[in-house]
Amino acid sequence: MDLKHPDAETAAVKTVENFMAYLNSGNNAGLYDTIHIPHVRISGNGVRIYNNVQELQENYLQDFINRAGDSWHHTVLDSTEILHSSESKVHVYIQWTRYDANNLLLATHKALWIMTRVDGRWGVQARSSFAP
């Protein structure tokens, strides 16, 4: 049985890359387009569920700034590894590093991102990490 779905895997990783690029550039509309609702974030501090687009738009970026801190300037996607894939869902294990404006490392974290294709569009449905 073929458990690999290269087209889905490529699309899912591209969506993760786009998420990081939109986050770094401040393209909020693009960022929100890479996230599926409901969106679940399981962290070292608990679980946060964004149930609708309004919740996402009102809270997501402020929640991120609270986690990343005032010194955050940009995030680099260090690596991606596909764990499982189907035609409409891909589990991607990622590592990212946050930096300040002087390119000094603030934090490095690993996470499992569950990417799904809904209505033909790939987005992150859920994430789990031990980051705050």
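How many bridges join strand β1 to strand β6, and are the two parallel or antiparallel? Four bridges join β1 (residues 35–43) to β6 (residues 121–129), and the pair runs parallel. This is a predicted model, so to speak of local features we need pLDDT of at least 70, while side-chain atom pairs count only at pLDDT 80 or more and totals for chains, interfaces and linings use all residues. Residues are numbered from 1 along each chain as its sequence is written, and side-chain values use heavy atoms, with hydrogens and water left out.

View 1. Six strands line up as β2-β1-β6-β5-β4-β3 in an open sheet with mixed pairing. Strands (E, at least two residues) and helices (H or I, at least four) are DSSP runs numbered from the N terminus, and two strands pair if DSSP finds at least two bridges between them. Because β2 (46–50) and β3 (74–85) each have a single partner strand, one side of each is left without a neighbour in the sheet. From one strand to the next, the twist averages 25°.

**View 2. Two pairings up close.** In β6, R127 is the bridge partner of R41. Ten bridges join β3 to β4, and these two run antiparallel. Look for T80, whose bridge partner in β4 is I94. A hairpin of three residues links β3 to β4.

**View 3. Helices on the sheet.** Helix α1 (residues 6–25) lies across β1, β3, β4 (89–99), β5 (105–118) and β6, at about 160° to β3. Helix α3 (residues 53–68) touches β1, β2, β3, β4 and β6, and its direction makes about 145° with that of β2. Contact here means heavy atoms within 4.5 Å; axes are lines fitted to C-alpha atoms, for helices over the stretch in contact, with angles from 0 to 180 degrees between N-to-C directions.

**View 4. The largest cavity.** Its volume is about 150 Å³. A cavity is a set of points on a 1 Å grid over the protein atoms alone where a 1.4 Å probe fits but cannot get out, and lining residues have an atom within 4 Å of a point. Grid points are joined across faces, edges and corners, and the volume is the space filled by probe spheres set on them. Of the 16 lining residues, R67, W96, R98, W113 and R127 lie nearest the centre.

Conventions:
1 Å grid on protein atoms, 1.4 Å probe; cavity = no way out; pocket = protein on both sides within 12 Å on 5 of 7 lines; lining within 4 Å.
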